[in-house]
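Please read them with the structure open.

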Amino acid sequence: MSEWFTVPQISEKTGIPQQTLRRYIASHAHLLRIKKEHKAYQLHKECLDVLARIRELYGNGKNAEEVDKILTSQGVPVTVEVLSETGEQESAELSEVVMDIKKALDEQKEFNKQLLEKFKEQEELLVSQQKYIDEKLKQRDEQLMLSMREMQETKLLASISKEGANTEEKKESWFTKLFKK
């Protein structure tokens with residue numbers, strides 16, 4: 001036996017006229033498990049009791065809002081339209097949809113947590129690499145400054161020794177001039 005019935009089949013089973021069933025579907029679709037194939041509605045067998053209860057409440061003079069309120073307070077699950085895996089639109093209990101969403105959110109939270117941990121690891125790695133680079137640059141700069149000082153001292157010594165040599169030459173040439181005479 002199939003779990004899904006067409007409006008004419010439900011009308012036959014419940015004794016509710018098809019037009020009235022269509023009005024119930026339009027007004028209370030959120031309380032019924034419905035599949036729509038092309039223009040035809042199919043209702044789940046669980047809807048038979050809900051439809052009979054809706055008819056009874058209307059028979060007692062209740063309006064649509066009161067019927068909704070009474071049925072939801074009695075535990076009739078609220079349904080929403082969702083796309084099935086095959087791409088067809090069908091009704092699903094709101095609690096199931098909420099649980100699916102909650103599960104997906106929990107998975108997303110876990111993924112985000114792992115992603116944040118990875119980001120922190122990457123940040124720590126970048127900080128340590130930057131410290132290493134800064135230290136190496138400082139060492140290079142110190143070595144460069146030391147080399148420059150040594151070069152300046154060497155130039156200074158070379159300059160002093162050249163001046164000394166020039167002075168010696170001048171003295172020598174003065175002495176040679178003096179003694180040549």
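1. The secondary structure of this predicted model comes to five helices and five strands, where helices (H or I, at least four residues) and strands (E, at least two) are DSSP runs numbered from the N terminus. Read from the N terminus on, the elements follow the order β-α-α-β-β-α-α-β-β-α.

2. On conventions, residues are numbered from 1 along each chain as its sequence is written, and side-chain values use heavy atoms, with hydrogens and water left out. Because the model is predicted, local features need pLDDT of at least 70 and side-chain atom pairs count only at pLDDT 80 or more, whereas totals for chains, interfaces and linings use all residues.

3. Buried residues (under 20% relative accessible area, with exposed being over 50% and partly exposed in between, for a 1.4 Å probe and protein chains only) make up 18% of the 181 residues in the protein. Among contacts (heavy atoms within 4.5 Å) with a separation of 6 or more, 47% are accounted for by residues 24 or more positions apart.

4. Helix α2 (residues 18–28) packs on helix α3 (residues 47–59) at an angle of about 95 degrees, with the axes 11 Å apart; axes here are lines fitted to C-alpha atoms, for helices over the stretch in contact, and angles run from 0 to 180 degrees between N-to-C directions. That makes α2 roughly perpendicular to α3, given that angles of 65 to 115 degrees count as roughly perpendicular, under 35 as roughly parallel, over 145 as roughly antiparallel and the rest as oblique. Thr-20, Leu-21, Tyr-24, Ser-27 and His-28 of α2 make the contact with Leu-51, Ile-54, Arg-55 and Tyr-58 of α3.

5. α3 also packs against helix α4 (residues 64–73), at an angle of about 130 degrees and with the axes 10 Å apart, which makes α3 oblique to α4. In this contact Val-50, Arg-53, Ile-54, Leu-57 and Tyr-58 in α3 meet Ala-64, Val-67, Ile-70 and Leu-71 in α4.

6. Which residues touch the most other members of the largest nonpolar core? Of its 19 residues, they are Leu-32, Leu-43, Leu-51 and Leu-71, a nonpolar core being a set of buried Ala, Val, Leu, Ile, Met, Phe, Trp, Tyr and Cys residues joined through side-chain atoms within 4.5 Å. The elements that give two or more residues to this core are α1 (7–14), α2, α3 and α4, and α3 gives the most, with five residues.

7. Leu-51, found in helix α3, is buried, with a relative accessible area of 0%. Not counting residues up to four places away in sequence, Leu-51 touches Ile-10, Ile-16, Leu-21, Tyr-24, Leu-32 and Leu-43. Leu-51 and Ile-25 are 26 residues apart in sequence, and their C-alpha atoms are 9.0 Å apart in space.

8. Ser-27, in helix α2, counts as partly exposed because its relative accessibility is 33%. Leaving aside neighbours within four places in sequence, Ser-27 is in contact with Tyr-58 and Asp-68.
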